[in-house]
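Please read this briefing alongside the sequence and the 3D view. The points below are grouped by topic for a reader who is new to this structure.

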Amino acid sequence: MTPSEAQEIEDAHYARYYARKPVTIVRGRGALLYDDKDKDYVDCTGAYGACIVGHAHPKVAQTISDQAKKLIACHGSTYNDTRAHFVSKLSAILPSELNRLFLTNSGAEAIECAIKVARKATGRRKIVAIKGAFHGKTHGALSATWDAKYRKDFEPLLPDFIHIPFNNGETAKETITNDTAAVLLEPIQGEGGIRVPSKEWVALLSDLIHDAGGLLVADEIQTGFGRTGKMFAGEHMGVRPDILCLGKGIASGLPIGVTAAPDETMSTLSVGEHTTTFGGNPVVCASGSATIDVLLEERLVDNAAKVGEYFKASLLRLMGKHRIMREVRGLGLMLAAETRFDVHEILANALNEGVLILDAGRNILRFLPPLCIQVNQVERVVATLDRVLEKEELARLPSSTTASHA
Ligand SMILES: Cc1ncc(COP(=O)(O)O)c(C=O)c1O
């Protein structure tokens with residue numbers, strides 16, 4: 001296939017649901033991706049956070065290959081050794097009280113399961129979510145997602161979802177009442193722009209929902225498995241959820257979602273009430289076990305904390321230099337730089353210079369690199385951004401110099 005053929009074929013046949021970057025990625029290694037002309041890119045997207053241990057990690061790739069030669073399909077209605085192995089490894093890193101879990105194929109499905117469990121376990125309907133939240137695009141998850149651009153053409157969505165303002169205690173007190181089944185919370189909002197709530201507000205939400213007899217559901221689909229420099233972001237806030245939703249990178253990019261809760265909560269759904277054909281697939285589970293091994297053996301959670309701190313400090317230095325940058329925020333390797341203008345050109349120019357970056361809304365650059373990214377690779381990202389921002393600044397703010405805006 002020639003370099004342009006892949007793009008032509010996808011453009012001709014694949015649904016136009018993604019805003020495409022004009023690049024065809026054909027292989028990866030660690031935090032680097034390579035296109036079909038063998039140009040390398042530092043990957044600050046991590047496949048939207050789904051690559052945590054690095055691209056094509058040899059141990060993960062070998063494990064997937066070994067499992068594929070043994071057994072690929074195995075429905076949840078029979079037991080399976082590989083699934084059992086993964087479930088025990090996963091349970092060992094989850095908070096101990098969340099001792100029963102269900103495996104799905106995506107983050108949105110993990111949320112769907114959590115909504116059903118929360119409603120059935122409490123016998124209540126009302127779910128309180130947060131303005132700015134993103135929980136997925138299936139109908140249940142979409143009901144909890146905030147952004148009108150995802151919702152408006154599909155309404156009515158599920159009833160009894162209420163969104164309260166981020167970091168606002170007063171509205172939380174008025175809204176979380178004795179008929180609330182659950183509060184659904186991202187410990188750090190991801191798609192909403194890497195917004196870190198105050199510890200006090202998170203603690204208040206936890207107290208309010210528990211006093212009301214409902215459940216705290218944490219969506220750690222983007223923050224989970226070391227991304228923020230702790231295994232789960234809730235640890236930064238001292239919060240312990242009643243239901244935890246996970247996904248993204250725990251199978252190194254193979255499709256997965258996890259919903260975990262105490263046995264008595266999960267077991268309110270009975271046999272047949274919530275199943276999915278591919279959930280707990282042995283190849284995905286094998287990949288999940290190998291991913292957990294690599295995460296722990298290579299101390300990638302510590303790397304995310306250490307390199308993340310360096311990355312954030314470097315972005316803050318850039319902010320001191322470029323007036324176009326307004327704010328830097330985030331924890332570990334979940335970082336954002338808010339700019340004064342649309343980031344479209346910045347993303348395109350960075351891509352040309354060999355750095356893949358995500359956005360999170362119109363004017364926010366988002367960084368979710370694999371947790372194995374090294375300091376020298378961050379330096380390459382920052383040097384590239386420095387050049388790209390300078391160019392953008394000259395175009396947008398022609399009278400500016402790159403001197404400090406302090
Ligand atoms: C916090 C959060 N929840 C849920 C989802 C939905 O996950 P998926 O795209 O796997 O359905 C995402 C995806 O970005 C997410 O970031």
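A backbone N or O atom of Gly107 lies 2.8 Å from an oxygen atom of the ligand, and a polar backbone atom of Ala108 is likewise 2.8 Å from an oxygen atom of the ligand. This is a predicted model, in which local features need pLDDT of at least 70 and side-chain atom pairs count only at pLDDT 80 or more, while totals for chains, interfaces and linings use all residues. Residues are numbered from 1 along each chain as its sequence is written, and side-chain values use heavy atoms, with hydrogens and water left out.

**The ligand and its surroundings**

- From the side chain of Lys248, a polar atom lies 2.8 Å from an oxygen atom of the ligand; a polar contact here is a pair of N or O atoms within 3.5 Å, and within protein one of them must be able to donate a hydrogen and the other to accept it, with residues adjacent in sequence counting only if both atoms are side-chain atoms.
- The ligand exposes 390 Å² when taken alone, and the protein buries 81% of that, with areas computed by the Shrake-Rupley method with a 1.4 Å probe and, for residues, with only the protein chains shown counting as cover.
- The residues around the ligand, meaning those with a heavy atom within 4 Å of it, include Ser106, Phe134, His135, Glu186, Glu191, Asp219 and Lys248.
- This shell divides into three nonpolar, five polar and four charged residues, where Ala, Val, Leu, Ile, Met, Phe, Trp, Tyr, Cys and Pro count as nonpolar, Asp, Glu, Lys and Arg as charged, and the others, Gly among them, as polar.
- His135 lies in the loop between β5 (126–130) and α6 (139–144), and the side chains of His135 and Asp219 are joined by a polar contact of 2.7 Å.
- With a relative accessible area of 2%, His135 is buried, a term that means under 20%, whereas exposed means over 50% and partly exposed lies in between (1.4 Å probe, protein chains only).

**Salt bridges**

- The model holds 23 salt bridges, each defined as a side-chain nitrogen of Lys or Arg within 4 Å of a carboxyl oxygen of Asp or Glu.
- Glu191 forms a salt bridge with Arg366, and the closest N and O atoms of this pair are 2.8 Å apart.
- Glu191 lies in the loop between β7 (180–185) and α9 (199–211) and Arg366 in strand β15 (residues 364–367), so the pair ties together parts that are 175 residues apart in sequence; Arg366 is buried, at a relative accessible area of 1%.
- Lys120 and Glu273 form a salt bridge with their closest N and O atoms 2.9 Å apart, and the pair links distant parts of the chain, with Lys120 in helix α5 (residues 107–122) and Glu273 in the loop between α11 (263–266) and α12 (282–297), 153 residues apart.
- Both partners are partly exposed, Lys120 with a relative accessible area of 40% and Glu273 with 35%.
- Glu338 and Arg329 meet through their side chains in a salt bridge (2.8 Å, N to O), and both of these residues are buried.

**A four-stranded sheet**

- Four strands form an open sheet of mixed pairing in the order β1-β2-β3-β13; two strands pair if DSSP finds at least two bridges between them, and the elements are DSSP runs numbered from the N terminus, namely helices (H or I, at least four residues) and strands (E, at least two).
- The edge strands, each pairing on one side only, are β1 (25–29) and β13 (355–356).
- Four bridges join β1 to β2 (residues 32–35) in the antiparallel sense, with Gly28 opposite Leu33 in β2.
- β2 and β3 (residues 40–43) run antiparallel and are joined by three bridges, and Tyr34 has Asp40 in β3 as its bridge partner.
- β3 and β13 pair in the parallel sense over two bridges, and Val42 has Val355 in β13 as its bridge partner.

**Backbone exceptions**

- Most residues other than glycine have a negative phi, and most peptide bonds are trans.
- Asp38 has a positive phi of about 65° and lies in the turn of the hairpin that β2 and β3 form with four residues between them; at 49% relative accessibility, Asp38 is partly exposed.
- Asp160, although not a glycine, has a positive phi of about 70°, and it is found in the loop between α7 and β6.
- A cis peptide bond joins Glu155 and Pro156, with omega at about 5°, and Pro156 lies in the loop between α7 (148–151) and β6 (161–164).
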